[in-house]
Amino acid sequence: MIAICSALKKALIAVEINGKNAMVELDEKTKHSENILPKIDELLQSISCSIKDNESFAVVIGPGSFTGLRVGVSVVKGLCAGDEKTVYPLSTLSLMAYSYCKQNTPQENFCAVINALSGFFFVCEFDKNGNALDIERLITKDELDKINIKKVSLEEERLFEDIVSIQASDLLTYAKAVQKQGNGIKAKSVVPIYLRKSQAEANLEEKKLKNS
């Protein structure tokens with residue numbers, strides 16, 4: 001399996017083939033669009049494997065950075081071109097919850113929160129085992145303040161006291177857990193989940209309203 005997360009500032013890549021694994025984390029200063037493919041190649045070489053040895057992919061499809069999500073999905077589609085290998089779509093918020101549970105063993109329900117900018121937030125509530133209790137959604141700051149269970153944010157954002165740092169090892173183990181559930185699809189069906197319109201789309205709609 002090759003697993004990719006490019007939805008956040010830090011990109012994660014993990015490879016596990018024939019019982020051998022390798023992984024890397026790319027910081028926010030690195031252009032994911034230029035470095036993900038070369039890093040995958042480096043990881044494969046480090047375990048003496050080629051892309052042909054890989055049988056499946058996992059990719060985080062959102063919510064998160066518009067550009068980052070497109071990069072991750074495009075890379076997987078490109079690597080699957082002309083092939084029928086299975087792809088496992090992953091949720092950013094569920095990966096976040098999985099990592100938090102793995103690192104902290106919470107005793108109560110919690111809400112995973114990602115800053116969506118412009119006063120909005122991506123959220124989803126989970127039980128203490130990391131199972132989603134509601135749909136992933138986009139909410140305002142006022143709505144966020146009304147959520148009365150523990151809120152967890154990414155270490156890179158530090159919105160709250162409780163934080164989680166998602167590691168490449170978390171990405172791999174979560175991807176393998178999703179794989180066991182058998183929720184794979186073909187690459188052509190993989191699409192990013194944005195939960196909100198891009199700034200360009202929002203600006204265009206606002207312009208149309210003013211001109212109507």
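Predicted model: local features only at pLDDT ≥ 70, side-chain atom pairs only at ≥ 80, totals over all residues.

Reader: Which residue forms a salt bridge with E42?
Author: K39 does, with the closest N and O atoms 3.5 Å apart. A salt bridge here is a side-chain nitrogen of Lys or Arg within 4 Å of a carboxyl oxygen of Asp or Glu. K39 and E42 are three residues apart in helix α1 (residues 32–46), so about one helical turn separates them. Helices are DSSP runs of H or I with at least four residues, strands are runs of E with at least two, and both are numbered from the N terminus. K39 is partly exposed too, at 23%.

Reader: What about K141 and D145?
Author: Their side chains form a salt bridge at 2.9 Å, N to O. Both residues belong to helix α4 (residues 141–145), four residues apart, about one turn of the helix. K141 is partly exposed at 41%, and D145 is partly exposed at 46%.

Reader: Which distant parts of the chain does the pair of K176 and E16 link?
Author: K176 and E16 meet in a salt bridge of 2.9 Å, N to O. K176 lies in helix α5 and E16 in strand β2 (residues 11–17), 160 residues apart.

Reader: How many salt bridges are there by this rule?
Author: The count is twelve. E108, K150 and D162 are linked in a network of salt bridges.

Reader: Changing topic: at what angle do α3 and α5 pack?
Author: Helix α3 (residues 92–104) and helix α5 (residues 168–181) pack at about 110°, with axes 10 Å apart. That makes α3 roughly perpendicular to α5. Axes are lines fitted to C-alpha atoms, for helices over the stretch in contact, and angles run from 0 to 180 degrees between N-to-C directions. Under 35 degrees counts as roughly parallel, over 145 as roughly antiparallel, 65 to 115 as roughly perpendicular and the rest as oblique.

Reader: Which residues meet there?
Author: S94, L95, Y98, S99, K102 and Q103 in α3 meet S169, D170, L171, T173 and Y174 in α5, where contact means heavy atoms within 4.5 Å.

Terms used: Residues numbered from 1 in each chain as written. Heavy atoms only, no water. Buried < 20%, exposed > 50% of the residue type's maximum accessible area, 1.4 Å probe, protein only.
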